[in-house]
Structure formats: structure tokens, C-alpha cells
Amino acid sequence: MTISDIAKMAGVSSAAVSRYLNGGPLSEQKRTAIREVVEKTGYHPDSAAQTLRTGRVHQVGVIAPSIGSQSVGQITAGIAGELGAQNYLLLLGNTELDPQRELGYLAAMQRNHVAGIILLGSYYSPQLALALKNCRVPVVVTGQRFPEVACVYNDDRSAARELAQRMLERGRRHIVYIGGTERDQATGVQRREGVQDALNAAGLDGDALPRICCTAFTMEEGERCMKELLACCPALDGVVCVTDTVAFGAMRALKQAGRKIGADVSLAGIGDSWAGSVTEPGLTTVQFYQKQVGEEAARMLLQMLEEKEPGGPVRQVTLGYRVVERGSI
């Protein structure tokens, strides 16, 4: 089956079929006639030939820090949905938080002629900044706010601040924080600063916030960090955790120490994991709209690909959140 065959069956010219397949201008009557024939025959254009004609490759590279993460799965689902609707294929690279592997994927995807790249951001570095600046295809970053790069990210600082504010409203005055590495601006810096903002606004000393950093976002690390904080801050009455998984580990340590969560100590996480609804008590958390992050990033990239004169203002979009109250505060 060729374009000429489709044209004959639809009663239009081959040029009209070509415009239909490549998204060009066409009357609604011709578009309907061609679509009916395409759907009836199951016709698919030869991707290699289409690339030679249009100079465009319908593949987008997605570079993720860890495909086992719930948030990564949600973001990737959003990206895939938007790209699929525009007949783009998704090529996925998993870095496992290895910065050299991340740089390697950026280079390899360009060599394989992807149309654009969506990077699920983790750590910002001079090497990554240079690689993004020299990238030959459009790039959108999610989850982080990188300078001079199109980005879609969450309001991490406000989310953590609201969790701490709710604890303060419950009368908690000895709040501690279990965070992540400060190499990560979003989960490491912004969430910690949000908790400090709430303390400062309540007349407390945010700079004196007792805190400890996890080496990984696991229950084991949450439990270890919680035990250390209980040893050095026995009067603590509120715990904000960088993620829900870390909070589950902290919950286990608090229960082992005889602390009553939601009664004499508040506990909250970030991420709205399904497990937070089945723990006892349920875990209060922040829900980010991760699927929408992926959808917005894909739409942004597709718009960049359609721009005839690239180089306009860099778009950076912040998405909101909602606090899910359960019982642990």
C-alpha cells in the first residue's frame, strides 16, 4: 500500500495524502475522506521515508533518574500519553542517579537523531549545564528549576511549608526534619527551606531546625534518621519527611519508641503514596500532580518542535499541590 493507492481510494491527489500524513493544511472534506481510507486499510507511512522527506524524526528521548520511583512512573505516563497522541515514540533511558550515565544518554540520544529530549531532573552540575546548552535538539526538564532551560516543576517549598504550618497550628513547637541531599535543589533545598519558612513565620528560629539527611529515600533510612533524631531531640513533637517512604520508616521508629503518632507527635511525608492510606494512623502527605507535570512537559516540547524560529523566551511552569489529611498530624 502506497500514498498513491490511498489517494486513489480516497479520490484525492497524492499531495493531499502527503499533507494529511504530515499535518499540513487540508480541507475538512479531504481530511475526512483520507482518514476513512487510512483507518479502513490500517495504512502506516514508512517512518524512514517520512524522515527523509520532512527532516523530522518522530522519536523523543526521556531520561529518568530511577524507573522504580512512583513519581517517575506518573510523569512518564503523562509524557507517553501526550506524545502518543501526536504519533511520537518514546525512548527511555534510566540513569539510576548516575550523573555520567545521564550525560551519556544526552549524547547518545542526539546521535540517534531524536526530535527532542525530556529530562526528569535530579542534580544540577556545571557539566550538565554545559551539555544542555550545547544540546542540538529542544530539551525540557521536569521536577527541577534549571536556569535558562524550559522546565516544569512542583512547588516543593510551599508544600513543605504548609505541612509544617499545620503542625504548628496543632501546637507543635519542636519540629524536626528528615531531608535529602542538598545537591538536589527540589527535594534537598526547597523542602527544607519550606519547613524553616513556617518556623520563622511562627516566631521560632528556622535556622536552628534539627535535621538529618537520608542517603536514600527508603524506609530503612527513614527509620535510621528518626532514631538519631529521637536520641538528640527527645522532646520532638513534629516530624516532616522529604518523602512518604522515608516517613514510613520514621513511623516505625516512633512506634518502637512508644510515641503516639497524631497524639503526642505529628508526622507527615510528601508524595501521596498509596500505602499512606492503609497505615495506622493514615499518613498526612502532599499530593503533587505528577502526571500533569509529564503532560505539560510533553506539550511544551511539542510546541518547541513546531516553532519555525526557535530561540524565544524560555518557558518555566510551576504546578500546584494539595495536602491530603489523614490522621498523623
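User: Is His113 buried or exposed?
Analyst: His113 is exposed, at 55% relative accessible area. Buried means under 20%, exposed over 50%, and partly exposed in between, using a 1.4 Å probe and protein chains only. This is a predicted model: local features need pLDDT of at least 70, side-chain atom pairs count only at pLDDT 80 or more, and totals for chains, interfaces and linings use all residues. Residues are numbered from 1 along each chain as its sequence is written, and side-chain values use heavy atoms, with hydrogens and water left out.

User: Where is His113, and what is its phi?
Analyst: His113 sits in the loop between α6 and β3. Its phi is near 60 degrees, a positive value in a residue other than glycine. Most residues other than glycine have a negative phi.

User: What about Glu96?
Analyst: Glu96 has a positive phi too, near 55 degrees. Its loop runs between β2 (89-94) and α6 (99-111). Glu96 is partly exposed, with a relative accessible area of 47%. Helices (H or I, at least four residues) and strands (E, at least two) are DSSP runs, numbered from the N terminus.

User: Switching to β3. How many of its residues are buried?
Analyst: 5 of its 5, over residues 116-120. Gly116, Ile118 and Leu120 point one way, and Ile117 and Leu119 the other way.

User: Which strands pair with β3?
Analyst: β1 (residues 59-64) runs parallel to β3, joined by 4 bridges. β4 (residues 139-142) also pairs with β3 in the parallel sense, over 4 bridges. Pairing requires at least two DSSP bridges between the strands. On the β4 side, Ile118 stands opposite Val140.

User: How does the chain get from β3 to β4?
Analyst: Through helix α7 (residues 126-133), in a right-handed β-α-β crossover. Right-handed means that, with the strands pointing away from the viewer, the path from the first strand over the helix to the second runs clockwise.

User: Now α1 and α2. What is the angle between them?
Analyst: About 105 degrees, with the axes 8 Å apart. The two helices are therefore roughly perpendicular (65 to 115 degrees). Axes are lines fitted to C-alpha atoms over the stretch in contact, and angles run from 0 to 180 degrees between N-to-C directions.

User: Which residues meet there?
Analyst: Ile3, Ser4, Ile6 and Ala7 of α1 meet Ser14, Val17 and Leu21 of α2. Contact means heavy atoms within 4.5 Å.

User: Last one. Where is the cis peptide bond at Pro281?
Analyst: It runs from Glu280 to Pro281, with omega near 0 degrees. Pro281 lies in the loop between β9 (266-268) and β10 (285-288).

Technical notes. Parallel < 35°, antiparallel > 145°, perpendicular 65-115°, else oblique.
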